[in-house]
Amino acid sequence: MLQTNDYEFWFVVGSQYLYGEEALNTVKEDTMQIIDELNKNGNLAYPIVFKTVATTADSITKVMKEVNFNDHVAGVITWMHTFSPAKNWIRGTKILQKPLLHFATQFSNTIPWQTIDMDYMNLHQSAHGDREYGFINARLHKNNKIVVGHWKDQRVQTQISQWMDVAAAYNESFHIKVARFGDNMRHVAVTEGDKIEAQIQFGWTVDYYGIGDLVAEMNKVTDKDINDTYQECQNKYELDAGENDPQFFEEHVKEQIRMEIALRKFLEAGGYSAFTTNFEDLWGMKQLPGMAVQRLNEEGYGFAGEGDWKTAALDRLIKIMAHNKGTGFMEDYTYNLVEGHEEILGSHMLEVDPTLASTKASVEVHPLGIGDKADPARLVFDGLEGEGVNVTISDFGDQFKMVMYEIEGHKPTEPAPHLPVARQMFTPKPGFYNGVQQWIENGGGHHTVMSFGITSEQVEDLAKMFGLKCITIQ
Ligand code: MN
């Protein structure tokens, strides 16, 4: 997986001086136990670091300023152990520019009827404090996440862990750079959009390059580098020459490897973590990019075809959330409308992400009618089974909208000897007819990011962080 920043999350506890120094010491000790439990047993991808028991407006403002300016801090988790007067939080919360999780937990998971007294009540005030604090976040339109439940509860720990993955991706979003080789496919509408607005809202930098810039880089690739990667592919995939002459096959696979090496070098030099291609812009190329794209997807690069920079950036973003597990660019291709077997064949003309593979990928070389170039090499495999999400972003002129539904992935039940591309079969969970109808009605595009590594709650959390309208089809 492509490197991301070394993130951590800061834990800030709300309290006040009303109950004395001893109570504050207990608050801190209890907090340390909670953080310890989460770090040890929460399966978190990023560590939680105790920051402070905040009792004044000044101390809260100070810590939020530090959060904003420290690039390693991806977000803040707050807990109202005791009652924390929320006027103290106004200034600090207002200036906070990173994701916020209000952890509505309580130190003890039970009410100790035999020993409960006023001292206990003074200390265990989450129910009370959560509402006071929540009011200010709501009034400030903070769009923060609220996780409710006991800190030892597995469900609660999973929710925190999944939110952290979203928050880390949100921070990374402002560093996503997309290189576009060629413009959008001519005449296509939904892949277009306002790149300036996307940079303002999501932080994406989208740069255009002529395909000649990539061709120049391809001409510099050495035979040794190509042969090394060819050997790696021989070990990793099934090399299936099929009807092809073995030499013809090897030459065509090596042409994709030349493209892969050149692309990687180009992207690394410019700090790009996502890219697009366009089969209408291939001047100087021998083949359409196929296996080259797929192998870069496997490393964590975001991608979309036909100049679709929105989907390419979204792909990179969701790959970060999913730690590059089962996540890639997808296109709605064709339907099976047989009653009781309704499903969608998702694929692309070559570039299906190998993180979606459930079978060993085979390298194949076949002719391709589109693009008018030599037979491109591609990785062919069957897609994943199980629960996932399908997500897209469209630009409606006055705003971007995210459209999403949950899906059930299936393996193809029939071979398709004349369609030698990777195939991902799926059915929208809201029902095939209802799901497809609503997707179309809401203007969701044919290019999506499909992920079996994240939940719909995470997609909604992400949209919330961006202040992006998210239509979850149900
Ligand atoms: Mn397409």
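Biologist: Leaving aside its neighbours within four places in sequence, which residues is Thr 359 in contact with?
Modeller: In this model, which is a predicted one, Thr 359 sits in the loop that runs between β12 (343-347) and β13 (362-365). A polar atom of the Thr 359 side chain lies 2.9 Å from the backbone nitrogen of Asp 382. With the neighbours within four places set aside, the residues in contact with Thr 359 are Phe 381, Asp 382 and Lys 411.

Biologist: How many Å separate the C-alpha atoms of Thr 359 and Glu 21?
Modeller: Along the chain, Thr 359 and Glu 21 are 338 residues apart.

Biologist: Where along the chain is Asn 88 placed, and which residues is Asn 88 in contact with, leaving aside neighbours within four places in sequence?
Modeller: Asn 88 belongs to the loop between β3 (73-79) and α3 (90-95). Its relative accessibility is 18%, and therefore Asn 88 counts as buried. Although Asn 88 and Gln 16 are 72 residues apart along the chain, their C-alpha atoms are separated by 9.6 Å. Beyond the neighbours within four places, Asn 88 is in contact with Thr 55, Thr 56, Ala 57 and Ile 60.

Biologist: Into which domains is the protein divided, and how many Å apart are their C-alpha centres?
Modeller: The division gives domain 1 (8-173) and domain 2 (177-472). The contact between these domains takes 16 residues from domain 1 and 16 residues from domain 2. The C-alpha centres of domain 1 and domain 2 lie apart by 39 Å.

Biologist: Which helix gives the largest share of the side of domain 1 that touches domain 2?
Modeller: About 1,400 Å² is buried between domain 1 and domain 2, and carbon and sulfur atoms give 59% of that area. Of the area that domain 1 buries against domain 2, 37% is supplied by Val 166, Tyr 170 and Ser 173, more than by any other three residues. Between domain 1 and domain 2 there are also nine residue pairs in polar contact. The largest share of the side of domain 1 that touches domain 2 amounts to 10 residues, and they come from helix α6 (residues 154-173).

Biologist: How many salt bridges are found across the interface of domain 1 and domain 2?
Modeller: Side chains of opposite charge can pair when their charged atoms come close. Lys 145 and Glu 457 meet through their side chains in a salt bridge, at 2.5 Å from N to O. Across the interface of domain 1 and domain 2, the number of salt bridges found is two.

Biologist: Why are Lys 254 and Glu 250 separated by about one helical turn, and in which helix do they lie?
Modeller: The side chains of Lys 254 and Glu 250 meet in a salt bridge, at 2.7 Å from N to O. Glu 250 is partly exposed, with a relative accessible area of 31%. The separation is about one helical turn because Lys 254 and Glu 250 are four residues apart in helix α10 (residues 246-270).

Biologist: Which residues are linked with Arg 264 and Glu 299 in a network of salt bridges?
Modeller: Glu 299 forms a salt bridge with Arg 264, in which the closest N and O atoms are 2.6 Å apart. Since Glu 299 lies in helix α11 (residues 291-299) and Arg 264 in helix α10, the pair ties together parts that are 35 residues apart in sequence. Arg 264 counts as buried at 18% relative accessibility, whereas Glu 299 is partly exposed at 27%. Linked with Arg 264 and Glu 299 in the network are Glu 232, Glu 260 and Arg 295.

How values were computed: Residues are numbered from 1 along each chain as its sequence is written. This is a predicted model: local features need pLDDT of at least 70, side-chain atom pairs count only at pLDDT 80 or more; totals for chains, interfaces and linings use all residues. Side-chain values use heavy atoms; hydrogens and water are left out. Domain bounds come from an automatic or database domain assignment. Contact means heavy atoms within 4.5 Å. Buried area is the accessible area (1.4 Å probe) that two parts lose on being put together, summed over both. A salt bridge is a side-chain nitrogen of Lys or Arg within 4 Å of a carboxyl oxygen of Asp or Glu. A polar contact is a pair of N or O atoms within 3.5 Å; within protein, one must be able to donate a hydrogen and the other to accept it, and residues adjacent in sequence count only if both atoms are side-chain atoms. Helices (H or I, at least four residues) and strands (E, at least two) are DSSP runs, numbered from the N terminus. Buried means under 20% relative accessible area, exposed over 50%, partly exposed in between (1.4 Å probe, protein chains only).
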